[in-house]
Amino acid sequence: MDVFLELAVILITAKLMGYLSSRLGFPAALGQIIGGILLGPSLLNFVTYGEGVRLISELGVIMLLFLAGLETDMEEFKRVGLPAFLIASLGVALPFIFGYAVALRWGYPGMEALFLGGVMTATSVSLTASVLMEMKRLRTRVGAAILAAAVVDDVLGIIILTILVAMNTKGTVYVGDIAVLLVEIAAFFLLSYLIGRGIVKKVLRSSHRINLPETVTTVSIVVMLIFAYLAEYFQIAAITGAYLAGILVAGSDDARKITDKIITLGYAFFIPVFLVGVGAETDAHVVLAAGAFALVYSLLAIVGKIIGCGIGGILSKFSPMESLQIGVGMIPRMEVGLIMANIGLAEGILTNESFSIAIAMVMATTLVTPPLLKLVFSRR
């Protein structure tokens, strides 16, 4: 299909299905994902998501996390720093153990079972951020805890992924390799925040001298893209860099104006393409082919995050309901899980069958999160 027609179909589907979902009392994001499933190979096979559309989709998820950073209350974020580490650590450990144990029990070899456990650890907060923004719950203590824990979770997931790939390649893993990786990650966050804070403010202030329409908005997008690039350079997900860029831009004098412009730009075009794309790349036949193990594996992925992050929340002095909200917010794997599964397949650790099981889990966690978030946040 021609890319222009494909984008037109995607955008109108996103708005119609999002509207229908919100009228039925569910988050619009869920309707947009379901719209993608209808358009994708599971049913109509109407969109192909070629390179051009995929690029727009990737920009959509980066813009979504940039917006999440812009909407983050830094004072609240600082208050949940230590709890976030505890929440993320338990939310990584428990799913990893669950995934590894059930894969071993099902007869998968040790390295493959370890990687299936590793894929379970990766939280992708982009969908949660979208739903929480829609519900106006992002700028809360729970919202800040979920976002902060997701950043820590991302780093822990990278470390686990690096160790597993090294174990498969070398047969062992060296402490020095892990130490170098940790230093690079720490340097990225430390330098980005301490140095970037002042530089970003000055750059945005200076952009007012360029007397052209929307220069400040353009410069803020440039900052977002540079931080996304730097994050990938330091072997961290681009979405984490975009989120950090949003936090830095949020400290500028133009934060409110930039946020309004990015909301308009993002939700008019880029973010709907991303959300419909999640559904369009979902093939229900993969889930059916994966069988009973896919169901058990997916259930453990959901339960593991709820229990692990929930216990972390309780230990961090959150109420039981807040801890449940945090656990549910940490369920979706989406693009982070897809990246880990693809690396496992490329490295020859996962077979086509185990790769399909990992994809089925990513799909399941993505689809259950919006209605579960709606449910737990509607309860007092």
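Which side chain does D153 meet in a salt bridge? The partner is K305, at 2.8 Å from N to O; a salt bridge here is a side-chain nitrogen of Lys or Arg within 4 Å of a carboxyl oxygen of Asp or Glu. Welcome to this predicted model, where local features need pLDDT of at least 70, side-chain atom pairs count only at pLDDT 80 or more, and totals for chains, interfaces and linings use all residues. Residues are numbered from 1 along each chain as its sequence is written, and side-chain values use heavy atoms, leaving out hydrogens and water.

**Salt bridges across the chain**
- The whole structure holds four salt bridges.
- D153 sits in helix α8 and K305 in helix α15 (residues 292–315), 152 residues apart; helices are DSSP runs (H or I, at least four residues), numbered from the N terminus.
- Both D153 and K305 are buried, meaning under 20% relative accessible area, while exposed is over 50% and partly exposed lies in between (1.4 Å probe, protein chains only).
- R141 pairs with E322, with their closest N and O atoms 3.7 Å apart.
- This pair also links distant parts of the chain, with R141 in helix α8 (residues 141–170) and E322 in helix α16, 181 residues apart.

- R256 and D260 form a salt bridge with a closest N and O distance of 3.3 Å.
- Both residues lie in helix α13 (residues 255–280), four residues apart, about one turn of the helix.
- R256 is partly exposed at 49% relative accessibility, and D260 is partly exposed at 38%.

**A buried serine**
- S323 belongs to helix α16 (residues 320–329).
- S323 counts as buried because its relative accessibility is 1%.

Conventions
Helices (H or I, at least four residues) and strands (E, at least two) are DSSP runs, numbered from the N terminus.
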